Amino acid sequence: MNTNLLQTPIDYLKGVGPSRAELFRKELGIHTYQDLINFFPNRYLDKTKYYKINQLQQSSADVQVLGKIVAFRTIEQKRGKRLVADFVDETGKMELVWFRGQKWIRENLKLNTPYVIFGKTNWFNGLFSMAHPEMELLEEHEKSLRTAMQPVYPSSEKLTNKGITNRVINKLMQQLFIETKGKFYDTLPQNIHEDLKLISRAEALFNVHFPKSQELLARAQFRLKFEELFYIQLQLLVKNMLHKKRIKGYVFDTIGENFETFYSEHLPFQLTGAQKKVIKEIRSDLGSGAQMNRLLQGDVGSGKTIVALMSMLIALDNGFQACLMAPTEILSVQHYTGLVELCKELNTSIELLTGSTKASKRREIHEKLENGELDILIGTHALLEDKVKFKNLGLAIIDEQHRFGVEQRSKLWKKNDLPSHILVMTATPIPRTLAMSLYGDLDVSVIDELPPGRRPIKTVHRFDSNRLKVFRFIRDEIEKGRQIYIVYPLIQESEKMDYKDLMDGYESISREFPMPKYQISIVHGQMKPADKNYEMDRFINGDTQIMVATTVIEVGVNVPNASVMIIESSERFGLSQLHQLRGRVGRGAEQSYCILMSGHKLSEDSKTRLQTMVSTNDGFELAEVDLKLRGPGDLMGTQQSGVLNLKIADIVKDNQILKSARDYAKRLLTDDPNLELPEHKMVKYTYQQVAKHKNIWNYIS
Ligand code: ADP
Ligand code: MG
């Protein structure tokens with residue numbers, strides 16, 4: 001085991017020296033031998049093949065050609081000078097071109113001497129050319145340690161300017177293997193090695209830097225990706241275990257009158273299997289003695305509200321209060337009305353607290369909260385104000401979590417001596433793989449089944465030029481008694497312009513659908529809450545047939561009779577937002593429609609988004625596509641997450657490996673929770689090393 005040798009500062013590696021060492025530290029974060037070994041190529045060039053000039057193809061790829069320069073000439077053009085060399089082999093002629101460093105090239109490259117050149121070819125006017133080719137004298141080419149696939153390391157302008165080229169890194173890597181004799185201890189337990197037929201770590205490291213073949217490169221990459229993901233998962237799981245051991249929570253072991261009565265007498269419908277499963281998971285958390293910290297994911301319309309209510313009833317049965325926080329006033333009001341209706345036969349007191357609650361009502365709520373008369377409080381951010389003091393808050397539920405920051409989450413559970421249980425509900429599906437990595441400390445429940453009898457929403461894409469047909473369709477649907485949403489984008493930077501779009505749209509719709517036959521509601525962010533509520537109410541009560549709105553209605557609004565969702569400038573929305581909006585319809589028994597309007601000019605990504613919307617209703621499938629389109633960096637909360645500072649694995653592309661790594665990590669911790677067995681000595685050591693370097697959860701709770 002040469003663990004100590006690997007901690008040697010990079011300065012000591014032959015060929016590095018103090019100034020290069022400084023650059024390595026500053027530019028690449030490489031401090032030790034170990035860091036250099038873990039500095040992985042980001043791609044490989046296939047240099048196994050030599051092309052003849054008459055074999056070159058017009059589809060330009062990287063190619064390697066053996067030949068000689070027979071002449072140089074300089075060509076002057078308006079845009080500047082370029083140096084051109086005629087390069088020949090026995091089959092033909094091509095041109096090499098330089099725009100920079102012409103003097104140096106001219107003085108240093110030899111005429112009529114065999115070179116191996118490498119680069120991308122261009123086809124122009126019947127001739128192939130290659131700009132700024134990599135060049136090596138054949139004589140040296142034959143002497144250098146060459147591998148089938150040539151690694152290309154990440155670089156920066158600064159490094160290149162200071163002469164740290166790919167070739168230099170390659171040389172230093174060779175030196176590193178010489179000094180360490182290529183001996184690297186294995187970090188994964190024997191059984192995993194056997195199960196997955198992994199190559200040894202030493203062999204993997206060698207082949208990732210000096211691949212002997214495509215096949216060994218692939219196995220090397222698999223081995224190293226697995227290891228990286230395995231240790232991240234191990235950390236997340238350990239963190240989760242510690243959380244459960246350390247953070248005590250109230251034990252809710254009574255299933256009492258509220259829950260029983262509601263379950264046996266007042267359930268408005270049969271729970272779906274998924275809802276039952278999730279309620280069971282929550283019950284088991286609440287009875288465990290540890291603080292519950294659970295994320296409930298369920299597509300729009302999957303029925304999260306009833307789960308929230310039943311969880312709150314468990315809290316009440318155990319003598320505690322509960323609260324439900326939603327991101328907007330509209331949504332809070334809707335939750336409030338819905339829950340009051342559901343609980344009307346129960347003996348529970350429920351109140352609503354938002355920014356527009358009157359001072360006198362507010363005082364009353366504060367008082368009842370503190371003396372314990374109030375059981376359930378529903379509301380917006382207003383719940384987080386210092387004046388809001390619960391007598392004994394046992395469960396806090398947060399709906400649509402992406403609207404709330406982590407700080408707010410922890411603020412809620414600090415309202416007590418013991419932290420209250422936390423249930424976070426979201427309709428923004430986070431791909432499971434990402435959820436696993438990001439929310440290792442949250443347990444995740446998924447409602448993966450819609451209530452029965454729902455008809456899938458029909459989604460179509462229409463160009464603005466077809467608007468008249470769309471209007472006709474709206475008219476027909478209104479004729480049948482349905483209601484329609486028409487949504488305009490709202491993007492912060494250009495709020496004024498968006499506002500104008502909305503108003504223009506409103507006007508043209510008012511012309512198309514004139515009063516008194518048609519009534520139209522309008523809701524946007526610049527309205528006072530009271531006006532918004534008034535307009536919403538008119539739509540909810542069926543007094544208006546059309547609701548023209550910005551995305552304020554995105555979240556949670558429930559009007560079962562609304563069956564058409566029209567999204568204007570749909571190309572400007574992200575996939576998850578489109579899906580959220582679509583989820584506003586399809587809540588009743590009628591066939592529902594979502595119409596995505598757009599202009600003809602669409603980017604490739606926009607096209608993919610719209611096509612995906614048309615082809616599937618499944619939120620998780622959409623989330624996966626979204627993740628691929630945008631990369632994990634853009635998804636909520638991932639920026640701060642060290643999880644994504646991966647050296648070799650890719651959280652999207654390697655999600656199969658991630659799953660397997662997680663399973664193995666789980667099994668390991670089940671068998672040996674403290675990593676005490678002798679065969680896990682290296683695992684423990686590596687775990688500690690990794691944990692020292694990566695604080696992967698500092699942003700969660
Ligand atoms: P979301 O998960 O989007 O919050 P909701 O809880 O608002 O979904 O439920 C959407 C609609 O489905 C509501 O009208 C609700 O009453 C209804 N619903 C929920 N669960 C069921 C079920 N098991 N059977 C029938 N309808 C249900
Ligand atoms: Mg909801």
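Residues are classed here as nonpolar (Ala, Val, Leu, Ile, Met, Phe, Trp, Tyr, Cys and Pro), charged (Asp, Glu, Lys and Arg) or polar (the others, Gly among them). The model is predicted, and local features need pLDDT of at least 70, side-chain atom pairs count only at pLDDT 80 or more, and totals for chains, interfaces and linings use all residues. Residues are numbered from 1 along each chain as its sequence is written, chains are lettered from A and ligands numbered from 1 in the order in which they are written, and side-chain values use heavy atoms, with hydrogens and water left out.

Grid points are joined across faces, edges and corners, and a volume is the space filled by probe spheres set on the points. The structure contains 2 cavities of 30 Å³ or more. The second largest cavity has a volume of about 30 Å³ and is lined by R467, V470, F471, I474, I486, I566 and E568. Its lining comprises 5 nonpolar, no polar and 2 charged residues. Helix 18 (residues 467–479) gives the largest share of this lining, 4 residues; helices (H or I, at least four residues) and strands (E, at least two) are DSSP runs, numbered from the N terminus.

The largest pocket holds about 1,600 Å³ of space. Among the 48 residues that line the largest pocket, E134, M135, Q150, N166 and R167 are the closest to its centre. Elements giving two or more residues to this lining include strand 2 (62–77), strand 5 (115–124) and helix 7 (166–180). By class, the lining of the largest pocket has 21 nonpolar, 14 polar and 13 charged residues.

Helix packing was described by axes, which are lines fitted to C-alpha atoms, for helices over the stretch in contact, with angles running from 0 to 180 degrees between N-to-C directions. Angles under 35 degrees count as roughly parallel, over 145 as roughly antiparallel, 65 to 115 as roughly perpendicular and the rest as oblique. Helix 9 (residues 201–209) and helix 10 (residues 214–246) pack at about 120°, with axes 8 Å apart; helix 9 is therefore oblique to helix 10. The residues of this contact (heavy atoms within 4.5 Å) divide into 7 nonpolar, 2 polar and 4 charged.

The axes of helix 11 (residues 257–266) and helix 13 (residues 304–317) come within 7 Å and cross at roughly 145°. In this contact, E257, N258, F259, F262 and Y263 of helix 11 meet I306, L309, M310, L313, I314, L316 and D317 of helix 13. Helix 21 (residues 575–582) and helix 23 (residues 619–630) pack at an angle of about 160°, their axes being 9 Å apart, and are therefore roughly antiparallel to each other. The contact between helix 21 and helix 23 has 4 nonpolar, 3 polar and 2 charged residues.

Two backbone features concern loops. Most residues other than glycine have a negative phi, and most peptide bonds are trans. N112, in the loop between helix 4 and strand 5, has a positive phi near 50°. A cis peptide bond, with omega about -5°, joins M515 and P516; P516 lies in the loop between helix 19 (495–512) and strand 18 (520–523).

Terms used: On a 1 Å grid over the protein atoms alone, a cavity is a set of points where a 1.4 Å probe fits but cannot get out, and a pocket is an open set with protein on both sides within 12 Å along at least five of seven lines; lining residues have an atom within 4 Å of a point.
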